[in-house]
Amino acid sequence: MSESPEKKFQHGLVHELEQVVEKELDRHLSMAKEWFPHQYVPWSEGRDYDGPLGGEEWSLEQSKLSQEARESLIVNLLTEDNLPGYHNAIATVYGQEGAWGTWVNRWTAEENRHGIVLRDYLTVTRAVDPIALERARMNHMEHGYAATHGDSFLHGTAYVSFQELATRVSHRNTGKASGDPICEQMMARIAADENLHMIFYRNLLGAALEIAPNERCARTPTSSRRSRCPAPASTASSRSP
Ligand SMILES: [Fe+2]
Ligand SMILES: [Fe+2]
């Protein structure tokens, strides 16, 4: 079966942008700092839960965070948890060969780090009902992720540019609103990663629009209008802590 003109255009664009991706990947790797989730978690505040270990059941008064901070952290964590869905969507558009594949895998690994540190912090500090959180994660993941813009390269790239900026702002603000210096430090660390992601996609989008300027008006405004953090599949479950 022959390729549609749209697919041909996209494959051509992906091919033409390979060198840009190589350059942006190098820039990203030279700027990115290695960090370790376990160093941001106050393990000394933790204790066993009920269940096989016979510890204490979670209850709301154990959390020192405000309801707003808790809900925001849960939504941010569920967003990070949906990573396999994002990985699939991005790999479908960009492919998994060469520099594109290296970037998609690297980005996925960094986003996974965010989910790890957020979950450990929330669980150890008893900021969230761990049972409701796990159920929300299952619910969220089982619904999966499907981009509203389909597999359009320019839509997808515009979307992630805004999405990374949105997560940077959201993580930063959530850390500040938490009133917990440890949480603020952790969220600032995550936000620094999101900023580098945003720069990668922003530069990629700029290069793509240089190559295909006529696509600009037709494609980018919709993505920017629709850009938002994916909401949890069940809002009720995210509020239960
Ligand atoms: Fe992230
Ligand atoms: Fe990110």
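# Close-up views

**View 1. The crossing of helices H2 and H8 is right-handed.** (A crossing is right-handed if the near helix is turned clockwise from the far one by less than a right angle, left-handed if anticlockwise.) Everything in these views belongs to a predicted model, in which local features need pLDDT of at least 70, side-chain atom pairs count only at pLDDT 80 or more, and totals for chains, interfaces and linings use all residues. Residues are numbered from 1 along each chain as its sequence is written, while chains are lettered from A and ligands numbered from 1 in the order in which they are written. H2 spans residues 18–31, and its axis comes within 10 Å of the axis of H8, with a crossing angle of roughly 160°. (Axes are lines fitted to C-alpha atoms, for helices over the stretch in contact, with angles from 0 to 180 degrees between N-to-C directions.) H2 and H8 are therefore roughly antiparallel to each other (over 145 degrees; under 35 is roughly parallel, 65 to 115 roughly perpendicular, the rest oblique). On the H2 side, look for Val20, Val21, Glu24, His28 and Met31; on the H8 side, their partners are Leu196, Phe200, Asn203, Leu204 and Ala207. (Contact means C-beta atoms, placed from the backbone, within 7 Å.) Seven of the residues in this contact of H2 with H8 are nonpolar, two are polar and one is charged. (Nonpolar: Ala, Val, Leu, Ile, Met, Phe, Trp, Tyr, Cys and Pro; charged: Asp, Glu, Lys and Arg; polar: the others, Gly among them.)

**View 2. Step back, and the protein shows ten helices and zero strands.** The protein has 241 residues, and 34% of them count as buried. (Buried: 20 or more other C-beta atoms, placed from the backbone, within 10 Å of a residue's own; exposed: 12 or fewer; partly exposed: in between.) Of the contacts between residues at least 6 apart in sequence, 81% join residues at least 24 apart.

**View 3. H5 passes H8 in a left-handed crossing.** Here the two axes come within 11 Å and cross at roughly 165°. That angle makes H5 roughly antiparallel to H8. The contact of H5 with H8 includes six nonpolar, two polar and two charged residues.

**View 4. H2 also passes H5, in a left-handed crossing.** The axes of H2 and H5 come within 8 Å and cross at roughly 40°. That makes H2 oblique to H5. Glu18, Val21, Glu22 and Leu25 of H2 make the contact with Gly98, Ala99, Trp100, Thr102 and Trp103 of H5. Sorted by kind, the residues of the contact of H2 with H5 are five nonpolar, two polar and two charged.

**View 5. The largest nonpolar core holds 24 residues.** (Such a core is a set of buried Ala, Val, Leu, Ile, Met, Phe, Trp, Tyr and Cys residues joined through C-beta atoms within 7 Å.) Ile90, Val104, Tyr201 and Leu204 have the most contacts inside it. Helices H4 (83–94), H5 (98–124), H7 (153–178) and H8 (181–211) each supply at least two residues of this core. Apart from it lies another core, with 20 residues, including Leu65, Leu77, Tyr121 and Ala127. Now pick out Val104: leaving aside neighbours within four places in sequence, Val104 contacts His87, Ile90, Ala91, Tyr94 and Gln96.

**View 6. Leu13 sits in helix H1, residues 5–16.** Leu13 is partly exposed, as 17 other C-beta atoms lie within 10 Å. Not counting residues up to four places away in sequence, Leu13 touches Phe153, Ala208, Ile211 and Ala212. Leu13 and Leu154 are 141 residues apart in sequence, while their C-alpha atoms are 9.4 Å apart in space.

**View 7. Arg126 lies in the loop between H5 and helix H6 (130–143).** Phi of Arg126 is near 55°, a positive value in a residue other than glycine. Most residues other than glycine have a negative phi. Arg126 is buried, with 22 other C-beta atoms within 10 Å.

**View 8. Asn112 is found in helix H5.** Asn112 is partly exposed, with 16 other C-beta atoms within 10 Å. Pro84 is 28 residues from Asn112 in sequence and 9.4 Å away in space, C-alpha to C-alpha.

Methods
Helices (H or I, at least four residues) and strands (E, at least two) are DSSP runs, numbered from the N terminus. Two residues are in contact if their C-beta atoms, placed from the backbone, lie within 7 Å.
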